[in-house]
Amino acid sequence: MNRYWQIKNSEERIELGKKGENIAASFLKKNGYKIIKRNYRIGHSDIDILAMDKKILVFIEVRTKSETARGMPEETLTVKKLNRMKKTAELYIAFNRYRGCARIDAVCIILDNSNTVKHLKHYKGVT
Amino acid sequence: MLIKVISVSFSGLTTIRIDVEVNIAERGLPAFDIVGLPNKAVAESRERVKTALVNSHQNFPLRRITVNLAPGDVPKQGAFYDFPIAVGILSEIRGFNIPKSSIFFGELSLDGSLRHTKGALLAALFAKENDMEAIFVPDQSANEASVVKGIDVYPVKNLDQIIRYFNREIKIEPLIYKQKVPFCREKINFDMSEILGQEQAKRALEIAAAGGHNVLMTGSPGSGKTMLARALPGIMPLLNEEESLEVTRIYSSAGNIPPGGSLIITRPFRSPHHIISQAGLVGGGTHPQPGEISLAHRGILFLDEFNEFPRSVIEALRQPMEDGELTISRSLERVTYPSRFMLIAAANPCPCGYLNDETRQCTCTKREIIRYRKKLSGPIMDRIDLHVEVPVVNIKKLSRDFKNTNKNETSKEIRKRIILARRVQKKRFINEFIQINAEMKNNHIRKYVNLDSHSQEILLNAAKTFHLSARSYLKIMRISRTIADLEQSENVKENHVAEALQYRPERIE
């Protein structure tokens, strides 16, 4: 764990994440995605946003960082995290007997102190 | 939807058909898998295909793509499945039809262009044998593939071009083979006329060139053995059509044809250094590759400092020298490469090098000489048809003649004789499956080498006094046939046999 996690207390972190997820959800809606579920939990991991992009089921992971922190939110999507996301998505597909196309996306956001978006990127098909 | 693209796989010089099946599923998470025993180079084609498609302004589909290389039990190697895989994916996302009975073959570059790929000639030959209509190959390999007549060879520069071709926006003209300047012309360093004296050695090389016989030249350092060998390509005739195809196939499978290259028409001249390994000389590897002897097929294999080669390496030459081909067996693969080469070996007569030298004293003991010579085993010496000594050149004579080399015969003149002699041989063997005298089997010798009673007697006497082996006996018959051919003589006469007998190895008592 890097120092960033140690300094911030967990409440602040959760709050930042929530803000990011809200921004991401409205961004996706604006782009024609139909949001089905948010913070859907399967086992130990959860899916930040579950949406439909036309006929494709999309699992979306939102990564938010404040401007004061160093590094980019993209960097936190490690191979380990991506593999876990894949597993979670497969579990969801199996439990719900979903037949059709699916995809895993990531939305990376940087917020400054006044909660304005400094950086927002939508990556399609990250795994 | 399932799409099938035809491609090929190589095992030595044989080619088998591979069906590249591309399936893009409408369910599940996006993935891109290649199955069908791919090796690392094939598996990595995932990244190349993906990037090349994106760089050709295509959307790479975020769906489950499965590529199967059928039949699934044949291990696939090489990077040339990039192109068929990319075409399969493109046909799905752009919705065009792939022409039936066409082979796709080529390696992709990340920018979407196609790279020169080894084996284009083999793929084209396979297409022809299996009645395919067309083959799509990289632009730079098209010249090589276009040698095969009867199929359309489409040169493809990049993915963009093939997309527009299938969309009927542009046309790609099939390439028609044009004879170009041969790329493989070994630089001929010396002309025979530049070599002063050494008449006997020159004569031996002439006979060797005419009949494809093996030669061992022994002589002191600096006497001109290497120079003679280097001048040899200059008197060799060009490859005929059949030979040229044989040679080009080997070079194509080994990836020795440069981009844009085509048929090889000059005879190969290979001169490996004596630190060569056994696999390097005769071929080998897990997936057997041709060695120097196969790369010297229908040409010259020149082994300078013959005594310095590791014994095991030289002994490995035995069987391919006799059979003209070599089968390399590994647990995974069994591959046969042709190796009908002319061995030209050069060696010193003793460790110090000055045995039989007129100007300098040899400092070796008899024991040393015997040990030195023993490195070359009897079976190998027996397989070399012509043994010739290259004496030291008289310096006085050399300095006198150095300026005017005109009176010597040039390589061109000698070559003319050799071409004539080869023509005689070709005419004679028109109904046999051989081309030159060195290839004659026992039944051919019986049929074509008719000795009169007198020359028969000479040969029998020689066999008795020289203790000739059965093989040497037949070798002498072959050489006499070649000498007769050089004189355009129908029958083998006694002077031919007598000359052939001169080229037996001298024995040390």
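Modeller: The second largest cavity holds about 100 Å³ of space. The model is a predicted one. A search of the whole structure turns up two cavities of 30 Å³ or more. Rolling a probe the size of a water molecule over the atoms shows where empty space is left.

Which residues lie nearest the centre of the second largest cavity? They are A:Asp46, A:Ile47, A:Glu61, A:Met85 and A:Thr88, and they belong to a lining of 13 residues. In chain A, the elements that give two or more residues to this lining are β2 (45-53), β3 (56-66) and α3 (79-95). The most comes from α3(A), which gives five residues.

Now to chain B. Its 509 residues include 54% that count as buried. Chain B has 21 helices and 18 strands, and its C-alpha atoms fill a box of roughly 85 × 50 × 45 Å along the principal axes. Among contacts in chain B with a separation of 6 or more, 73% are between residues 24 or more positions apart. As for charge, chain B carries 70 positive and 58 negative side chains, and the centres of the two sets are 1 Å apart.

B:Val335 sits in strand β16 (residues 334-338) of chain B. Why does B:Val335 count as buried? Its relative accessible area is 1%, and buried means under 20%, so B:Val335 falls in that class. Not counting residues up to four places away in sequence, B:Val335 touches B:Ser11, B:Gly12, B:Pro288, B:Leu326, B:Thr327 and B:Ile328. B:Lys100 is 235 residues from B:Val335 along the chain, and their C-alpha atoms are separated by 31 Å.

B:Asn437 is placed in a loop, between α17 (411-428) and α18 (442-448) of chain B. B:Asn437 is buried because its relative accessible area is 0%. Leaving aside neighbours within four places in sequence, the residues in contact with B:Asn437 include B:Gly211, B:His213, B:Gln425 and B:Phe429. Also among them are B:Arg428, B:Arg478, B:Arg481, B:Thr482 and B:Asp485.

The backbone is the last topic. Most residues other than glycine have a negative phi, and most peptide bonds are trans. A cis peptide bond, with omega of about 0 degrees, joins B:Ala70 and B:Pro71. B:Pro71 is in the loop between β4 (64-70) and α3 (82-94) of chain B.

Positive phi values are found at two residues described here. For B:His467, a residue other than glycine, phi is near 55 degrees. B:His467 belongs to the loop between α19 (453-466) and α20 (470-486) of chain B. With a relative accessible area of 58%, B:His467 is exposed. For B:Gln488, also other than glycine, phi is near 60 degrees. The loop that holds B:Gln488 runs between α20 and α21 (494-502) of chain B. B:Gln488 counts as partly exposed, because its relative accessibility is 45%.

Key
Residues numbered from 1 in each chain as written. Chains lettered and ligands numbered in written order. Predicted model: local features only at pLDDT ≥ 70, side-chain atom pairs only at ≥ 80, totals over all residues. Heavy atoms only, no water. Helix = DSSP H or I, 4+ residues; strand = E, 2+ residues; numbered from the N terminus. Buried < 20%, exposed > 50% of the residue type's maximum accessible area, 1.4 Å probe, protein only. Contact = heavy atoms within 4.5 Å. Lys, Arg positive; Asp, Glu negative; His and termini not counted. Charge placed at Lys NZ, Arg CZ, Asp CG, Glu CD. 1 Å grid on protein atoms, 1.4 Å probe; cavity = no way out; pocket = protein on both sides within 12 Å on 5 of 7 lines; lining within 4 Å. Points joined across faces, edges and corners; volume = space filled by probe spheres on them.
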